[in-house]
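My entries follow in the order in which I looked things up.

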Amino acid sequence: MTDGTGRREPRNVPSLLNALRQDGFTGAVEVTGGAGGTLFLRDGLVGAVETPAAPSARSLLLKSGRIGEPDWEAALAALAETGDLARSLTGRGLVSAAELHLVCTAALYDGAFAMALQPVTGWRTDAGRVPELAAWPGQEPARLAEETALRQRTLREHLPSVAEFARRPVPPVSAAGRAGLDRLGARTRTVLLRADGRRTPRDLAFALGRGVYPVLLDLARAAPGGAGRAAEQPVPAPLLTARAAEPYAPAGAPSGDRPLPRRVPGGSGGRPRGRTQIPNAGPPAPVSGTGTGLPEESAP
Amino acid sequence: MKNLWTRSRLKEFGVKVLCQVFESEGVPVNALETVLGEIHSATGGPEAAAASGTALIDAATGLTYAEAGDCAAAGSGHDVWRLLALIEDGLHRAGAEGELESVTVTARHTYHLVSVLPRQGGDPVLLSAVLDRAHTNPALAARQLATAAEGLFA
Amino acid sequence: MTSAAPYEALVASLKSLRESVMGVNETVISTSDGLLVAADTATAQPESVAALAAASLGLGRRTAAEVGLGGLREVVTRCNGGYVVVLAVGDHALLVILADEGLDLAGLQRESPATVDHLQSLLSAA
């Protein structure tokens, strides 16, 4: 990370990317902190982001059913001939180059956004690594930072703390809340119906093969207070109880003592019989913001 | 410079072929920009005016994937997304069934057409076009855009 | 620790692992002969997972011994949609981790030894 020209060490990832853009860097930037992740650059332009915090282009293509598993396997097997997964996929007619570019671009911005929700502790560059799939020629780092900040601002219109909301499991829709689902778009409905009180927005994104930001946006807009819904007309029952509407309890509130809907032991000591059921508890109340001091970076 | 050369070469091919050869020239070209350029130039002709600006925007996030021409009159991708989200929310609240297909905004001098292009296994994409009102048949232009966009995400 | 506490403590430990490592979705603790001890699952059948994981861990151990590459560390099954990781908890129990394809492997490697240690102490106290 040192550079011999005597310039100052970059303060954060956006300024690091700006510096690498000026240098025309080609290679990978491995970022640590939170789940971490890797940005892939060519001539300083960002072509891909891979992170556990958001679905990769591969996840988006496979989980959404856009490309079937056997076709994917076949494309991988053909890698020896084409030497390039993108060409392998487009060459077999599994996906058009335009579609692939679009999916890769969406994954790139989503990955950058998801990584920015967590504090960054460090980074190092590795000129040798290449991404599985990428959207070359790549995006200007300045535009990436701008879009990430815009996404955070958009979510903040609905949520008091984006990072906090993103880390929390999404409570299931209550029985009464189901009636209000008709008033939502099909995509939002799908997201809400997959919520089980265990999955975080990130987990839902992986389960659905969609981006973390679109999932967060759907959840935020469906929350009471979101999109002016609560103000305009009473929804039969809140879909996401009070998460956005109630203030967070101060740190130190009994967060750990409030159980999520949890499996009930089938029998202690002995052999549990059959599958135990998750009690159909209501959505958990907002838990304390132990991480209220969590730095929320405004850009990757 | 290099990009221009590649694109002019690529123009000789059909859109689908375009998609597949875009990298074989050794110069990476944004495949979406190339395809959008094709769609952009598909408007116009004797009956309908050419679009002054065309953009491909993510319907779920407002992210602009590609732009051709001057899109300033339509606002940013995020502005277009907000407009559509507002209309969609209103429709759903009013109890409308089904998904939004397109929106035409008529301003004093321009039409702003936004079509929702569904994608298999993914969030839809918005095709946004700004057209000169005095010289445009909006229905025809919408049709031309839809035809040009057909098969884009095949 | 009271006699009722270990089960709760085991589940709490599983839940904490799920919350601290991105991608971990479900976890199961089983005896090394495949009997379910505790689970933090949503869709998986814990009894089946316990039995299969015990079998795969046994197979992994025998394979490791056969090829002489040292003791077994873990059994990782990589699927198109995610991972199944089986870790031994002492000599008599094991931990199964079901994760999606975005699993933070580095995070899991960082967190799992402490979880395994903790589970082991809970199980030996029970």
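This is a predicted model: local features need pLDDT of at least 70, side-chain atom pairs count only at pLDDT 80 or more; totals for chains, interfaces and linings use all residues.

**A helix and its cover**

Residues are numbered from 1 along each chain as its sequence is written, and chains are lettered from A and ligands numbered from 1 in the order in which they are written.

For my own use I noted that helices (H or I, at least four residues) and strands (E, at least two) are DSSP runs, numbered from the N terminus. A residue is buried if 20 or more other C-beta atoms lie within 10 Å of its own, exposed if 12 or fewer, and partly exposed in between, with C-beta atoms placed from the backbone. Two residues are in contact if their C-beta atoms, placed from the backbone, lie within 7 Å.

Which residues of helix α9 (residues 186-194) of chain A are buried? I listed A:Thr188, A:Val191 and A:Leu192.

I then looked at how α10(A) and α11(A) pack, and the angle is about 115°, with the axes 9 Å apart; axes are lines fitted to C-alpha atoms, for helices over the stretch in contact, and angles run from 0 to 180 degrees between N-to-C directions. From α10(A) the contact takes A:Pro201, A:Arg202, A:Leu204, A:Ala205 and A:Leu208, and from α11(A) it takes A:Val212, A:Val215, A:Leu216 and A:Leu219. Sorted by class, this contact has eight nonpolar, no polar and one charged residues, where Ala, Val, Leu, Ile, Met, Phe, Trp, Tyr, Cys and Pro count as nonpolar, Asp, Glu, Lys and Arg as charged, and the others, Gly among them, as polar.

**Where chain A meets chain C**

I counted 20 residues from chain A and 21 residues from chain C in their contact. On the side of chain A, α2 (57-63) and α10 (201-208) are the elements that give two or more residues, and α10(A) gives the most, with three residues.

**Strands of chain A**

In chain A there are 12 helices and four strands. Strand β1 (residues 27-32) pairs with strand β2 (residues 37-42) of chain A in the antiparallel sense over five bridges, and two strands pair if DSSP finds at least two bridges between them. I saw that A:Glu30 has A:Thr38 in β2(A) as its bridge partner. The hairpin of β1(A) and β2(A) has four residues between the strands, and A:Gly33 in the turn has a positive phi of about 115°. β1(A) also pairs with strand β4 (residues 122-126) of chain A, again antiparallel over five bridges, and here A:Val31 stands opposite A:Trp123.

**A sheet in chain B**

Lastly I traced an open sheet of five strands in chain B, with the order β2-β1-β5-β4-β3 and antiparallel pairing. β2 (64-69) and β3 (102-106) of chain B stand at the edges, each with a single partner strand, so one side of each is left without a neighbour in the sheet.
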